[in-house]
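The sequence and structure come first.

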Amino acid sequence: WRDIKTYNDHAFIVSEAAGHGMQVFDLTQLLLPIDENDMPKEFIETAHYDGFGNAHNIVINEDTGFAYAVGTSTYLGGLHIVNIQNPTVPVLAGGVSSDGYTHDAQCVVYDGPDLTYKGKGKEICFNYNEDTLTIVDVTSKTSPVELGRVGYSGAAYTHQGWLTDDGRHVIVNDEVDESARRASNTKTHVFNVENLNVPTYVGFHLGRTKARDHNLYIKGNLVFETNYQAGLQVLQIDDLTTTPSFTQVAHFDIYPDENSNGYNGAWSNYPYFPSGSVIVSGIEQGLYVLRTSNNYGIGSSSPTQPPTPDPTNSPSKQPTDGPTDIPTIPFPTQSPTHNPTSSPAPPSNSPTKFPTSPPTPSPTGKPVPPTNSPTKFPTSPPTPSPTGKPVPPTNSPTKFPTSSPTPLPTSNCGVHRRSKACKEASCTWNRGVNSCS
């Protein structure tokens with residue numbers, strides 16, 4: 001599968017396909033007129049970065065102009081930092097390997113309550129490292145510093161999370177604890193990060209269904225969770241101080257067949273459009289554009305909008321028989337006018353194509369084994385889904401060299417029972433059966 005994030009009118013595309021690297025595409029090309037006789041129009045990448053081959057995801061801090069590839073074969077799978085301030089000339093800036101594999105991250109210019117770092121221009125990454133929340137100061141890209149690290153009882157796969165607007169807490173999803181029988185229902189975890197050097201686990205909230213959870217994002221006092229078979233779940237934050245308390249105020253079920261812990265349904269969402277619309281990507285269903293007419297039943301004022309997020313790669317589902325007092329979000333009559341920072345890549349088996357007018361971006365879809373042919377983008381907004389390995393363009397842009405990381409030690413793959421240990425041993429983690437080979 002692939003992940004796409006945008007910065008300064010350029011799309012940055014990574015894939016788990018071997019040897020893919022990072023493609024850079026100038027989105028302003030899509031605004032140029034195209035003769036109908038040239039349809040479908042075929043584009044090539046504007047630039048290419050080959051400092052890594054495969055990557056699970058890419059995170060971009062738009063405030064600093066740095067991209068963070070995660071889950072690569074470099075830096076033990078930790079942050080691979082690329083300077084993209086000049087988007088067509090990406091340059092290796094550094095990396096983080098102190099805590100091994102990072103599955104997803106959120107990197108911000110810190111403005112939270114910890115006075116040691118507040119107001120000093122510090123760039124802080126909150127990393128989701130399979131079994132821990134790990135906080136790293138990446139202000140110096142060549143000498144990053146791990147500030148704090150915390151796990152929690154029953155961790156199965158610490159997958160992704162997001163900072164609250166006040167910077168005091170991080171709300172996290174564990175993608176596997178439901179199927180690993182470590183949670184009776186969807187479990188949303190809360191950490192206190194008021195002291196970046198000593199983060200603490202506060203507790204968890206149990207949802208209404210047994211669906212596994214995936215990407216979540218926070219807007220004001222609302223948490224937008226994409227929970228596979230339970231669809232989009234919108235939770236109001238009531239209290240995070242001692243015992244986390246949330247109230248479900250809305251949901252939209254894109255997979256009404258069931259609400260178990262299977263890998264079907266919603267995978268990611270984006271709730272930051274000025275219009276108030278929310279987009280949801282479905283593994284089998286495609287893209288949904290949603291809107292609520294009653295502000296989720298919590299009053300007339302809209303929550304404060306946070307900085308643009310970076311939804312990753314990585315969706316979830318919703319109850320088919322939720323309580324009648326939970327509003328269902330109706331489809332809007334028109335699509336939002338503003339684009340999110342990421343968009344899932346459309347399927348294809350031929351050279352890279354991009355639509356002739358800017359497609360409505362959306363978070364990425366369910367991972368699918370890559371094919372052996374290049375990616376094509378259709379001439380109309382595509383149904384989001386992962387694609388295969390691209391073929392280098394005929395007039396390939398300049399490659400950007402980087403130093404090779406220290407090779408990972410090899411071992412008997414079958415002995416590893418955790419995905420992090422498996423990947424650090426240069427083995428392949430088979431998520432479906434939880435085995436290493």
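Val96 is in contact (heavy atoms within 4.5 Å) with Tyr75, Gly78, Leu79, Ile81, Val136, Val138 and Pro144, once neighbours within four places in sequence are left aside. The model is predicted, so local features need pLDDT of at least 70 and side-chain atom pairs count only at pLDDT 80 or more, while totals for chains, interfaces and linings use all residues. Residues are numbered from 1 along each chain as its sequence is written, and side-chain values use heavy atoms, with hydrogens and water left out.

Val96 lies in the loop between strand 8 (91-95) and strand 9 (104-109); helices (H or I, at least four residues) and strands (E, at least two) are DSSP runs, numbered from the N terminus. Because its relative accessibility is 7%, Val96 counts as buried. The classes are buried under 20% relative accessible area, exposed over 50% and partly exposed in between, with a 1.4 Å probe and protein chains only.

A cavity is a set of points, on a 1 Å grid over the protein atoms alone, where a 1.4 Å probe fits but cannot get out; lining residues have an atom within 4 Å of a point. Among the residues lining the largest cavity are Thr186, His205, Arg208, Glu225 and Leu235.

| Cavity | Volume | Lining by class |
|---|---|---|
| Largest cavity | about 70 Å³ | 1 nonpolar, 8 polar and 2 charged residues |
| Second largest cavity | about 40 Å³ | 3 nonpolar, 6 polar and 1 charged residues |

Volume here is the space filled by probe spheres set on the points, with grid points joined across faces, edges and corners. Ala, Val, Leu, Ile, Met, Phe, Trp, Tyr, Cys and Pro count as nonpolar, Asp, Glu, Lys and Arg as charged, and the others, Gly among them, as polar.

Some backbone features remain. Met39 and Pro40 are joined by a cis peptide bond with omega about -5°, and Pro40 sits in the loop between strand 3 (22-26) and strand 4 (47-49). Leu76, not a glycine, has a positive phi of about 55°. Leu76 belongs to the loop between strand 6 (66-70) and strand 7 (80-83) and is partly exposed, because its relative accessibility is 33%. Asn295 likewise has a positive phi, near 50°, and is buried at a relative accessible area of 16%.

Notes:
On a 1 Å grid over the protein atoms alone, a cavity is a set of points where a 1.4 Å probe fits but cannot get out, and a pocket is an open set with protein on both sides within 12 Å along at least five of seven lines; lining residues have an atom within 4 Å of a point.
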